[in-house]
Amino acid sequence: MRVLWITNFIPPVIASKLGFAGNNKEGWVAGLMNSLTNRHETGTEIELSVAAPVPEDLIEGYYDNFDGVDFYGFHEDPAGVEYNEELEKTLCEIAEKAHADVIHVFGTEYPHARALLEGIDKYSKSYDLSLNRVLIGMQGVVGEITYHYFDGLPGEVTSHDTFRDMLKNDGLLAQRNKFVSRANNEMIALSLAKNVTGRTPFDKEYVSKWARSAVYYSMNETLRPEFYDGVWDSSKAKEHSIFLSQANYPIKGMHNVLKALPLILKKYPDTTVRVAGDSITKHKSLKDKIKISGYGKYLVKLEKDVYKECGFAPSIEYLGPLTAEQMKEEYLKASLFLCPSTNENSPNSLGEAMLLGVPCVASNVGGIPGMMTDRIEGLLFEALDAEAMFSCIDSVWSDISLRDRLCEAAKKRAEETHDADRNFNRLLEIYREISGKEV
């Protein structure tokens with residue numbers, strides 16, 4: 001069976017062979033690709049092709065083969081906002097060259113999903129390429145994220161741009177407007193879709209609103225291989241240490257963590273917060289102050305508020321971009337993983353933490369309660385409720401029996417949810433049903 005993937009980034013294995021920096025996000029795509037490219041070991045014959053956006057210095061339609069995987073490059077607005085009708089023809093031409101039995105599209109909010117679906121009737125030529133052959137996969141649920149982008153932010157923050165924001169046209173209002181554009185792409189793509197995969201009750205309900213003629217296939221994610229080995233050990237974790245997977249933009253909820261931090265520090269003054277990803281709060285030098293974003297500036301203000309209330313500066317460290325192994329190390333040495341997002345579908349970071357058996361505290365939003373049941377596998381709080389966030393963290397740190405029960409149950413559930421063999425077989429079932437062919 002010939003399968004073409006169209007993704008919003010170059011998978012890490014291919015990126016490294018092209019000499020590009022790999023993408024540490026969307027690790028489940030790397031996990032799924034690992035299962036497919038090991039097909040000969042499983043006796044499964046899938047000829048995989050991948051199409052992904054490439055830099056402008058590579059020609060449109062760039063082609064190469066890497067260890068048996070055909071790779072095609074196309075040009076796309078990296079912000080995922082500007083729609084270019086020429087992409088419709090490009091993607092259909094790639095699909096024709098790949099002669100795919102199934103085209104699996106990742107990233108509903110990016111122009112490529114909409115472009116393929118809109119272009120099929122216009123440009124398909126040499127074989128029976130139709131919408132029925134296309135499977136689109138839900139990642140985030142951008143249409144819902146748009147409504148929650150400013151949750152917990154005061155109006156004077158959302159309407160104020162720093163010099164950096166104005167220079168890059170990337171202030172908070174501009175960022176939300178980009179999500180609005182992506183949501184429009186997502187809604188159009190879903191309205192044309194005949195086959196959709198999802199993984200939470202949250203995204204299933206959303207798909208039912210926009211893809212009314214589509215078949216919805218439930219399929220869980222396979223995570224990066226590194227997270228299937230190892231288990232959290234309280235004796236090796238740093239006491240009262242919190243790990244977050246990112247804080248780059250408001251939807252990830254770092255501002256809400258800082259609002260809860262005084263409550264945490266008053267009981268646990270030795271609390272440390274470690275955050276994966278670049279520091280958006282750097283402001284020591286003149287260069288830093290020029291480069292700081294409006295959201296970063298607001299986080300700095302909140303850190304100062306914590307200092308005023310507690311009498312000492314909070315211990316917060318931004319760790320920079322982390323590899324899978326480095327992320328794993330951070331999970332294992334934290335005393336809990338915190339996912340404070342104001343909206344999410346199914347954050348991979350939460351799945352990774354659960355799979356390692358790390359104590360997990362998360363906001364009760366979007367698809368998160370579909371991943372982790374409150375007081376069974378972790379603790380949930382209402383996203384904007386600082387006292388509730390503190391209460392959950394306090395329960396994990398003060399009740400060892402509860403913590404250990406949660407960790408054991410979380411690991412067990414994640415092992416089922418992210419079972420690589422089960423998810424691979426489910427994917428093959430879906431491909432068979434769509435293509436009408438055996439694998």
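Start with Phe243 and Tyr331, both of them buried, meaning under 20% relative accessible area, with exposed set at over 50% and partly exposed in between (1.4 Å probe, protein chains only). This is a predicted model, where local features need pLDDT of at least 70 and side-chain atom pairs count only at pLDDT 80 or more, while totals for chains, interfaces and linings use all residues. Residues are numbered from 1 along each chain as its sequence is written, and side-chain values use heavy atoms, leaving out hydrogens and water.

Now for the aromatic pairs. Rings of Phe, Tyr and Trp (its six-membered ring) pair if their centres lie within 6.5 Å; planes under 30 degrees apart are stacked, over 60 edge-to-face, and the rest tilted. That rule gives 12 aromatic pairs. In one of them, the ring centres of Tyr63 and Tyr72 sit 5.2 Å apart with planes at 50°, so this pair is tilted. Tyr63 is partly exposed at 44% relative accessibility, whereas Tyr72 is buried at 5%. Back to Phe243 and Tyr331: their centres are 5.3 Å apart and their planes at 85°, so they meet edge-to-face. Phe243 belongs to strand 9 (residues 241-244) and Tyr331 to helix 14 (residues 324-333), so the pair ties together parts 88 residues apart in sequence. Helices (H or I, at least four residues) and strands (E, at least two) are DSSP runs, numbered from the N terminus. Ring pairs also link Tyr149, Phe150, Phe179 and Tyr249 into a cluster.

Next, look at helix 15 (residues 348-355): eight of its eight residues are buried, so the rest of the structure largely encloses it. Just after helix 15, Gly357 takes a positive phi of about 80°.
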